[in-house]
Amino acid sequence: MNPVLKQIIATREVEDKNGNLINIDKTSISYQEGDLIQKYIRHIKAERSLEVGLAYGTSSLYICDALEKTERTAHYVIDPYQNNEGVVWESIGIMNLKKAGFMDFTRFFEEPSHLAITQLEREKVEVDFVFIDGEHTFDHVLVDFFLSDKILRDGGIIVFDDTDWPSIRRACSFIIRNRDYKVLDFLPSYHTKKGLSMKHKLYQNIVYVQETLVPENTYFLPKDAQHGGKIDQMTAGGMLVMQKIKSDTRAASYYNEF
Ligand SMILES: C[S@@+](CC[C@H](N)C(=O)[O-])C[C@H]1O[C@@H](n2cnc3c(N)ncnc32)[C@H](O)[C@@H]1O
């Protein structure tokens with residue numbers, strides 16, 4: 001494992017340009033999430049990746065560390081606020097990528113994701129792996145998905161962070177119910193001592209429903225949302241891994257409730 005990533009995992013801290021240490025617990029993915037990302041990057045031997053939301057660079061380090069290193073290796077990462085001095089990330093994400101030796105194959109876009117991903121599509125870039133962890137509102141996540149899908153190859157993998165946020169859960173619900181994507185894995189928000197949590201079981205149900213094409217009573221249907229308080233206990237875990245089956249061929253009238 002790359003020593004810069006190893007150090008961040010051990011301390012859960014990053015250093016700013018003046019040597020001050022900053023705790024990353026509130027902003028960066030956890031070790032378990034990083035591990036899940038690496039597992040699927042390696043599973044498909046991904047060489048090229050796209051990431052929305054750089055922040056302190058933690059998830060970038062996990063991604064770059066796991067990419068298959070060939071002459072085609074490339075990491076595209078987007079964050080419009082990376083260099084904002086004194087406000088947010090203060091270029092720490094880029095500094096970490098440089099320290100780790102990953103900037104050699106990384107291209108950074110300091111602009112909103114909808115502009116950067118569109119630019120990549122114009123350049124006919126194709127990626128094997130996508131990680132979405134930028135602006136968390138429903139419409140931003142859906143647009144990030146829509147545009148990423150245009151450059152994600154068939155069989156490629158997309159991972160969403162924070163799928164226990166209602167906005168992100170809903171966007172994932174749309175994808176599962178309307179697009180040719182298969183749920184491969186997820187990280188539950190918690191486990192019970194007795195085994196799988198309620199969330200875990202619900203997720204297994206989604207996979208089952210997807211595989212058997214029975215579109216009833218999935219956790220994501222709107223009627224679940226009408227159960228008031230229950231919806232919060234029935235969140236969908238912290239991270240979701242999906243595989244693109246094939247590019248979009250839907251008829252214009254195609255629509256499934258989500
Ligand atoms: C939760 S943080 C990402 C954390 C990072 N993935 C990690 O685990 O190390 C969300 C990031 O999205 C960025 N962001 C906000 N709006 C964005 C947009 N429109 N396009 C791309 N990134 C955006 C923020 O600046 C922030 O760095």
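Is Lys45 buried or exposed? Lys45 is exposed, with a relative accessible area of 54%. Here exposed means over 50% relative accessible area, buried means under 20%, and partly exposed lies in between, with a 1.4 Å probe and protein chains only. Such areas come from the Shrake-Rupley method, and for residues only the protein chains shown count as cover.

A word on the model. This is a predicted model, in which local features need pLDDT of at least 70 and side-chain atom pairs count only at pLDDT 80 or more, while totals for chains, interfaces and linings use all residues. Residues are numbered from 1 along each chain as its sequence is written, and side-chain values use heavy atoms, leaving out hydrogens and water.

Back to Lys45. Its place is the loop between helix 2 and strand 3 (48–52). Helices (H or I, at least four residues) and strands (E, at least two) are DSSP runs, numbered from the N terminus. Lys45 has a positive phi of about 50°, yet it is not a glycine. Most residues other than glycine have a negative phi. Glu90 also has a positive phi of about 50° and is not a glycine. Glu90 is found in the loop between strand 4 (74–78) and helix 4. With a relative accessible area of 24%, Glu90 is partly exposed.

Now to the ligand. The ligand sits in the largest pocket. A pocket is found on a 1 Å grid over the protein atoms alone, as an open set of points where a 1.4 Å probe fits, with protein on both sides within 12 Å along at least five of seven lines. To sit in a pocket, a molecule needs more than half of its atoms within 2 Å of the pocket's grid points. The ligand is surrounded by 20 residues, and the closest are Ile29, Ser59, Asp79, Trp89 and Asp133.

Which atoms meet the ligand's nitrogen atoms? A polar side-chain atom of Asp133 lies 2.8 Å from a nitrogen atom of the ligand. Gly53 places a backbone N or O atom 3.0 Å from a ligand nitrogen atom. Ser113 has a polar backbone atom 3.0 Å from a nitrogen atom of the ligand. On its own the ligand has 610 Å² of accessible area, and the protein covers 90% of that.

Ser59, one of the closest residues to the ligand, is among the buried residues of helix 3. Nine of the nine residues of helix 3 (residues 58–66) are buried, so this helix is largely enclosed by the rest of the structure. Tyr62 is another of the buried residues. The backbone oxygen of Tyr62 lies 2.8 Å from a polar side-chain atom of Gln38. Gln38 belongs to helix 2 (residues 31–43) and is buried, at a relative accessible area of 4%.

Lys244 lies in strand 9 (residues 239–244). With 3% relative accessibility, Lys244 counts as buried. A polar atom of its side chain is 2.8 Å from the backbone oxygen of Asp149.

How values were computed: A residue is near a molecule or strand if one of its heavy atoms lies within 4 Å of it. A polar contact is a pair of N or O atoms within 3.5 Å; within protein, one must be able to donate a hydrogen and the other to accept it, and residues adjacent in sequence count only if both atoms are side-chain atoms. Accessible areas come from the Shrake-Rupley method with a 1.4 Å probe; for residues, only the protein chains shown count as cover. On a 1 Å grid over the protein atoms alone, a cavity is a set of points where a 1.4 Å probe fits but cannot get out, and a pocket is an open set with protein on both sides within 12 Å along at least five of seven lines; lining residues have an atom within 4 Å of a point.
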